[in-house]
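Please read them alongside the coordinates.

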Amino acid sequence: MIETKSEYTYVGKGYPRKDGVEKVTGTAVFTHDLVIQGMLHAKTLMSPYAYARIKSIDTEEAERIPGVRAVVTGKELNYKVGLYVLDKDILAKDYARYQGEPVAAVAADSELIAEEACSRIKVEWEVLDPVLDPREALEPGAPLVHPDLENYGYMKGVFSPRAKTNIPHHQKVRKGNVEEGFKKADLTVKNSFYNPPVQHVPIETHVSIAQAQPDGKAMIWTSAQSPYTVRNLFSVCFGIPHENIRVKVPYVGGGFGGKAGIHLEPLCYVLSKKSGGRPVKLAMTREEEFNTMPSRQGLYSEFKTGVTRDGKITALQVKYYWDAGAYADYGVNIGRAAAYSGAGPYEVDNCKIDSYVVYTNKVFGTAYRGFGHLELLWGVERNMDIIARKLGMDPVDFRMKNVLLPGAATITGEKITEHTGRVDKCLEAVAMEIKWSGCKSEEKRKEEKRAGKVRVRGKGIALLHKAPAMPSSTSTAVILKFNENGSLDLMTSLIDYGQGTYTALSQIAAEELKMPVEKINIPWDSDTSLTPYDWQTVASKGAFLSGNATIIAARDCIKQIKETASRVLRCSAEDLVCENERVYVRHKPDEYLEYKDLAYGYVYPNGNAIGGPIIGRGRYMAQGLTNLDPETGQGLPALNWTYGAHAIEIEVDIETGEIEILKIASSFDVGQVLNKDLMRGQIIGGVIQGLGSAVSEEFRFSKEGRFLNPTLVDYKILTSKDIPHEMTQHVVETSQEDGPYGARGVAEHPMLSVPSALGNALYDALGIDYFRLPLNSERVYFGIKSGKKEFHD
């Protein structure tokens, strides 16, 4: 159970999810469920090659099939799509840059007809040599995935594409003097690590419907995380004014970052336009979700760390090589965030980090829960354990000696205060929970071997931190409107696709308005023509920004209630109190009005009326953020930091390499728990997702760049059978001064550093260091059989 110190009436309590009944009864309507009158169905023809020139495309036979209404190829579409770098065509034009990239599309009366038509399209290819390793893509003479990179538009002042290279962004962080720091070190340690690309695997695959309307307007229904981002990027792509684009997002069946940005909507629109304005629906199959839609990026990381004999870090130099795949998408911002988070939750006076985002001929990367931090922390936290052992120190003590505490500064120069959060307390909590008493000695391992033990145990600990990765101008708005009976509608374009934010926002509104949570309704459809602006549903910023906006909107409602009530009750508004769905005179509680009496204005017995509909407006913008200096990386990129820790106990079968997870303890400094039951669910789900990255999930490619495991037959995600024997959740509540009731986000953080803790526990059990994920039984087995202390494969 999560223990919270909350003394509020509604905030902190474990209210059930607002969407629970609709989802378990099947009444929730998703984009997959929608059928629009006159709707056509689309399918795409995908490239069979990782890198090839499109010499010609013949669509004549496909166009002659009865029921085919439109066929399009890239040559017809002079548009560019992109989030931060405009580098992607709606359909591949001239070159296919990854195996699975759509090169032609068909809209037809049914999916079967569209699929048949795609099979009749003839493409003449010139197969080229792909570049598949981001490190090789940086070498002089490497094939250029985007030879015209210098001609692409991009977000200036934040990102920096390099002409005639495969680098859409290179983020630097420089603090102190790293060369002098290494001179002061008594020990210098070098390590390299690798994370493969993985898939989001949402229950609902990507699906969109678009209609090109005759008046030049566009109507879009889509399974997306960010309706206003879809609208904005769609406007940039086609040059259509924002007011002429309407985006509706119903229930969303999971996203994990993969449905942020823009994806299928432009292709549906051009097919609709070519078919005379009929709506066109494109839904990905599971294999297409893997092979065509974006994934989490792969990462190679290289660490060089200097430390003193007593365990103080004197210098840190890191190189991150992000495998962006064929297009930049969110990848460039992940590379940016990795740089300013790249030292982990530690105080490092002398630091040099280079984070390279690199094009390759693979399916492109995008946002994924944790936004690059699981990947970078795999290296950071494994590196910390290895250094501690080389120093002969307990890994917990070594971390404690270096963690960020009040008075310290991050590697970008941000000062840590008493309200930033306490990673040390998270570490203490999980160490205590698994009864940490230090690493297993080498002599103990020898004893186990002599005794012929087949199953051996180990414990591991890892820390984590993450701040929302977002523009300095990120903002949101919330509207609260009262209904006739005194109930309330909360309007937002923040998307709740499973994280439970709508329930938390309703609790915040209830706390401010002093009314039951049950009387606060949140319409699930977000609509750019009806619901107010929200930047994007990413980065664990939703409860923070929208929570603050909800507080402001609720206080606006209270102000309106009191203004009208003061006239009716003939007193000053300052003398009124609002609680229990009524407003009364402070010293005369029997003189009151109910909210429902004022919701649409107050009517006197003689028919006179005053006031009017109570509609509260709240808006909130991130405060005090700056861009990073392009040469030093100094600046203020973080809205807030959420810190945490995991401790894990495992048992390993040395004859098979199979790992059994006995216990995982997790702790996070959340500032203030908003809903203890939903938070517990978030932590459990995140930990299991992190375990998937740790033990089984990875993309595999042939040497030609062909995706080898694009289905759930060959790509293993965890099931209920893989859940650890025991999981415990703990919270620290160091109030965030500018957070709603002191809260900060925790949606992404539970999956971070789970692989790191497992890797550290594997060493404790076996005395073997592993440097690549996933830690599946095959890799663990071959590490055992190698007889080496370090297993590099």
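1. In this predicted model, 24 residues line the largest cavity. Those nearest its centre are Lys 88, Ile 262, His 263, Leu 264 and Phe 364.

2. Two secondary-structure elements, β5 (88-89) and α7 (265-274), each give at least two residues to the lining of the largest cavity. Lys 88, one of the residues nearest the centre, falls within the range of β5 (88-89).

3. The largest cavity holds about 290 Å³ of space. Its lining is made up of 15 nonpolar, 5 polar and 4 charged residues. Lys 88 is named among the lining residues and counts as charged.

4. Over the whole structure, the search returns 8 cavities of 30 Å³ or more.

5. Lining the second largest cavity are Phe 303, Thr 305, Ile 313, Leu 316, Gly 342, Ala 343, Tyr 346, Val 380, Asn 383 and Met 384. Two or more of the lining residues come from each of β15 (298-307), β16 (313-325) and α10 (373-391). The largest share, 3 residues, belongs to α10.

6. What is the class make-up of the lining of the second largest cavity? There are 7 nonpolar and 3 polar residues, and no charged ones. The lining of the largest cavity, by contrast, includes 4 charged residues.

Notes. Residues are numbered from 1 along each chain as its sequence is written. This is a predicted model: local features need pLDDT of at least 70, side-chain atom pairs count only at pLDDT 80 or more; totals for chains, interfaces and linings use all residues. Side-chain values use heavy atoms; hydrogens and water are left out. On a 1 Å grid over the protein atoms alone, a cavity is a set of points where a 1.4 Å probe fits but cannot get out, and a pocket is an open set with protein on both sides within 12 Å along at least five of seven lines; lining residues have an atom within 4 Å of a point. Grid points are joined across faces, edges and corners, and a volume is the space filled by probe spheres set on the points. Helices (H or I, at least four residues) and strands (E, at least two) are DSSP runs, numbered from the N terminus.
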